[in-house]
Amino acid sequence: MAVIWVWRVQLQAFPTIISAYTAKEYCSCRYVMNHPADYCESYVKQWLPSTLTESPSDKRVTASGLGRESSAQWQGARQGCRLLPTGP
């Protein structure tokens, strides 16, 4: 139990890391590398369940899983994809 207490901050961040990674990598796969959606879905697939929502009109991707949600959006050819800030 003491080990869990020591690692509590890192364990609390884990769900956000999963959704952020999924959103950013999927966005880069789709809009920087121009791969098809099914390829990118398999590329970012985790062993933990998550869902992806893509908005092709504004090139924005939202990933959710483990109770957290993260979004990434394509910024342009030179900037690629960027994680968007979360609300307060």
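How many bridges pair strand 3 with strand 4, and in which sense do the two run? The answer is four bridges, in the antiparallel sense, with strand 4 covering residues 80-83. Keep in mind that this is a predicted model.

**Strand 3 and its partners**

Let's stay with strand 3 for a bit. A hairpin of three residues takes you from strand 3 to strand 4, and G76 stands opposite G80 of strand 4. Strand 3 also pairs with strand 2 (residues 60-65): here six bridges hold the two together, again running antiparallel. If you want a spot to look at, find A63, which stands opposite S70 in strand 3. This pair of strands makes a hairpin too, with two residues between them, and L66 in that turn has a positive phi of about 55 degrees.

Now pick out S71, which lies in strand 3 (residues 68-76). Is S71 buried or exposed? It's buried, because its relative accessible area is 10%, and the cut-off for buried is under 20%. Leaving aside neighbours within four places in sequence, S71 is in contact with A23, R60, V61, T62, R82, L83 and L84. One of these, T62, also makes a polar contact with S71, side chain to side chain, at 2.9 Å.

S64 sits over in strand 2. With 23% relative accessibility, S64 counts as partly exposed. Not counting residues up to four places away in sequence, S64 touches S50, T51 and E69. The side chains of S64 and T51 are joined by a polar contact of 2.6 Å. S64 and T53 are eleven residues apart along the chain, and their C-alpha atoms are separated by 8.6 Å.

**Rings**

Time for some aromatics. The structure holds one aromatic pair. Y39 and Y43 count as stacked because their ring centres are 6.3 Å apart and their planes are at 15 degrees, with under 30 degrees being the cut-off for stacked. Both tyrosines lie in helix 3 (residues 37-44), four residues apart, which is about one turn of the helix. Y39 is partly exposed at 40% relative accessibility, and Y43 is partly exposed as well, at 43%.

| Charged residue | Ring | Distance from ring centre |
|---|---|---|
| R30 | Y31 | 5.7 Å |
| K59 | W74 | 4.1 Å |

In the K59 case, the charged end of the side chain sits over the ring of W74, while R30 lies over the face of Y31.

Note on methods. Residues numbered from 1 in each chain as written. Predicted model: local features only at pLDDT ≥ 70, side-chain atom pairs only at ≥ 80, totals over all residues. Heavy atoms only, no water. Buried < 20%, exposed > 50% of the residue type's maximum accessible area, 1.4 Å probe, protein only. Polar contact = N/O pair within 3.5 Å; in protein donor to acceptor, adjacent residues only side chain to side chain. Contact = heavy atoms within 4.5 Å. Pairing = 2+ DSSP bridges. Phe/Tyr/Trp six-rings, centres within 6.5 Å; stacked < 30°, edge-to-face > 60°. Lys NZ or Arg CZ within 6 Å of the ring centre and 35° of its normal.
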